[in-house]
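Let's take a walk through this model, piece by piece. Keep the viewer open and follow along as we go.

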Amino acid sequence: MREDDNGIYYTLTICQIMFDIVAIISFLKKNIKGRDLLFIFGLILLYLLSRLYNLDHFPIFSDEGIYIRWAKVAWQDASWRFISLTDGRQPLQTWGTIAFLKLFPESALYAGRMFSVATGFAAMSGMFALLWYLFNKKTAYIGTLLYLVTPSFLFYDRLALVDSSVNAGVIWIILFSIILARTIRLDVAIMLGGIFGFSLLSKSSMKLYLGLSYLSVLFLVIKEDHKFVDWFRLSFIRDKKLPFIKIMNFSVLFGVGAFISYLIYNVQRLSPFFHYVAEKNKTFVLTGSELLNDPFSLLIANIPKIPYYLFSEMGYVIPILGVIGLILLYRKNKPLSLYLSLFFILAYLLIGSVAKVLFPRYLLPLGSVLFIPAVYLLTSIERKKQLLLTILIVISIIYLDFTILFNYKNIPFPAVDRGQYIEGVTAVWGADELVEFARQKSVEKPVILLAEGNFGLIGDVLETFKKPGDKIEVRGYWPLELPQLMENKSALDDHFVYAVFSHRTEFPTDWPLKLVKKYEKPVGENAVYLFELTR
């Protein structure tokens with residue numbers, strides 16, 4: 001292979017001798033020089049600075065409270081290691097967060113968000129490897145730097161949500177699916193199966209991306225001269241060197257990887273709550289029968305939402321460059337262009353057809369798919385055009401990035417996300433301050449916080465901010481009304497009792513409550529109310 005293709009050549013060499021540590025060290029010595037180490041160190045440093053800066057200052061999203069509470073329970077009681085399955089959620093985030101809770105026991109929110117920082121780093125590393133493999137080292141460096149500042153990646157790498165890990169899984173799946181198609185090796189299939197398996201432990205939607213990764217067979221369907229294979233003629237020839245036989249071998253190895261992933265996925269059957277996964281999925285996506293009965297019931301509404309959500313949270317310019325990059329890439333590498341194009345289009349149509357609930361974070365992997373050709377376009381055009389596109393990218397993302405890091409209330413996200421993270425009842429401003437108030441009061445005597453709702457509401461959020469040794473008890477009620485307040489009046493003899501409301505805005509005058517503080521949100525009338533229970 002020619003020297004200018006060294007990105008592909010050396011990656012394939014590693015794959016062929018994957019378990020030869022001497023060869024791997026030799027490859028690194030040959031391709032990673034002192035200057036490369038400085039570049040890599042700089043990128044890692046920039047990643048950590050951008051992800052860790054004020055990591056726990058952004059107001060907690062109620063779903064984060066759920067996931068962090070699960071991890072705290074699973075950490076303290078091994079019998080609840082599959083606690084997330086009680087809500088039909090896969091356990092990878094719970095398990096990963098436990099490790100960070102051990103490192104940061106005094107700040108559960110920080111620990112929970114560190115899980116996404118870690119998975120975001122895995123996504124960035126995967127993107128670096130993928131771009132080097134597909135193109136060259138220079139493209140990998142530029143693409144990684146661009147990944148660091150892409151608003152959607154920056155935002156979701158800083159929240160205690162599973163979507164960052166889903167994105168990382170998709171990036172690595174794309175990389176190893178292409179390697180498998182080009183090498184047709186069992187060891188690559190085994191590694192791909194491992195990636196499949198652990199990705200399936202993050203979210204059910206990974207099944208979609210697992211299936212779509214079979215499209216890497218296009219690297220075998222299309223010859224080097226970019227002419228499609230004559231299927232009819234090949235069906236009568238048994239020459240092992242011909243693509244038809246290679247496709248059969250690839251399919252078998254892909255099946256091996258899928259089988260390995262199925263074995264890993266089925267570790268969840270150790271829990272009696274595994275069946276809730278299927279039940280939970282019905283809340284978010286159409287069942288097969290529902291889709292067949294009315295295939296277009298959701299598609300018409302979702303078709304315009306997907307590009308709007310995706311493009312707006314990436315700053316528009318990068319995904320637009322991605323679409324143009326796919327067209328230009330077709331001239332140089334048809335299999336790759338078709339693979340990424342079909343991967344994106346089919347995911348777009350399938351998500352649009354079945355998604356009952358659609359939030360921008362669910363589309364993060366589609367952003368990564370468009371990101372690849374966007375970087376290709378940026379690095380393959382002449383210098384003057386590169387400068388112009390770079391200026392356009394900076395203009396499109398600089399305000400988004402600034403608000404994500406420094407001015408949360410003004411993040412210009414779509415209304416659905418501003419409602420979730422900034423303005424709505426699920427965005428809990430002041431929760432840390434509220435719990436700190438309770439902590440100070442508990443010095444005199446223990447504190448009971450009556451929370452308006454437990455699962456996924458203010459109760460879980462308050463639990464997140466409790467520290468080991470706190471004399472604070474959170475009692476969740478839904479609804480929290482006069483009977484529940486009267487029920488807890490007996491605790492006033494030896495406790496401070498406070499009621500916390502995040503949904504209710506009107507409070508009858510005959511309730512035994514005294515307003516302590518109202519924690520307002522930047523926009524709208526939603527607020528968190530802290531009342532003291534009186535006799």
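What follows goes from the sheet to the helices and ends with a few single residues.

First, some housekeeping. This is a predicted model, so to speak of local features we need pLDDT of at least 70, and side-chain atom pairs count only at pLDDT 80 or more, while totals for chains, interfaces and linings use all residues. Residues are numbered from 1 along each chain as its sequence is written, and side-chain values use heavy atoms, with hydrogens and water left out.

Let's begin with the sheet. It is an open one, with 5 strands in the order β4-β3-β5-β7-β6 and mixed pairing. At the edges sit β4 (472-477) and β6, each of which pairs on one side only. From one strand to the next, the twist averages 20 degrees. Two strands pair if DSSP finds at least two bridges between them. Strands of a sheet pair through backbone hydrogen bonds, either parallel or antiparallel.

Strand β3 (residues 447-452) pairs with β4 in the parallel sense over 6 bridges, and I448 has E473 as its bridge partner in β4. On to β5: here β3 is joined by 5 bridges, again running parallel, and I448 stands opposite V497 in β5. β6 and β7 form a hairpin with 6 residues between them, and G524 in the turn has a positive phi of about 90 degrees.

How covered are these strands? In β5, 6 of its 6 residues are buried, where buried means under 20% relative accessible area, exposed over 50%, and partly exposed in between (1.4 Å probe, protein chains only). In a regular strand the side chains alternate between the two faces of the sheet. For β5, F496, Y498 and V500 point one way and V497, A499 and F501 the other, and all are buried. Strand β7 (residues 527-533) is mostly covered too, with 6 of its 7 residues buried. Helix α24 (residues 458-465) lies across β3, β4 and β5, running at about 145 degrees to β3; axes are lines fitted to C-alpha atoms, for helices over the stretch in contact, and angles run from 0 to 180 degrees between N-to-C directions.

Next, the helices. In α22 (residues 415-423), D417, R418, Q420, Y421 and I422 are buried. Seen down the axis of α22, these residues fall within an arc of 170 degrees (taken from the directions from the helix axis to the C-beta atoms), so they line one face of the helix. Their cover includes β1 (60-61), α8 (151-156), α17 (299-314) and β2 (427-428).

Helix α17 has 16 residues and reaches 23 Å from its first C-alpha to its last, close to the 22 Å expected at 1.5 Å a residue; that expected span is 1.5 Å times one less than the number of residues. Its buried residues include N302, Y309 and E313. The buried residues of α17 pack against α8, α18 (317-332), α19 (334-354), α20 (364-380), α21 (383-406) and α22. Just after α17, G315 takes a positive phi of about 90 degrees.

M191 lies in α10 and is partly exposed, with a relative accessible area of 33%. L154, in helix α8, counts as buried at 2% relative accessibility. Leaving aside neighbours within four places in sequence, L154 is in contact with S50, R51, L148, D401, I404 and L405. L154 and Y47 are 107 residues apart in sequence and 9.1 Å apart in space, C-alpha to C-alpha.

Technical notes: Helix = DSSP H or I, 4+ residues; strand = E, 2+ residues; numbered from the N terminus. Contact = heavy atoms within 4.5 Å.
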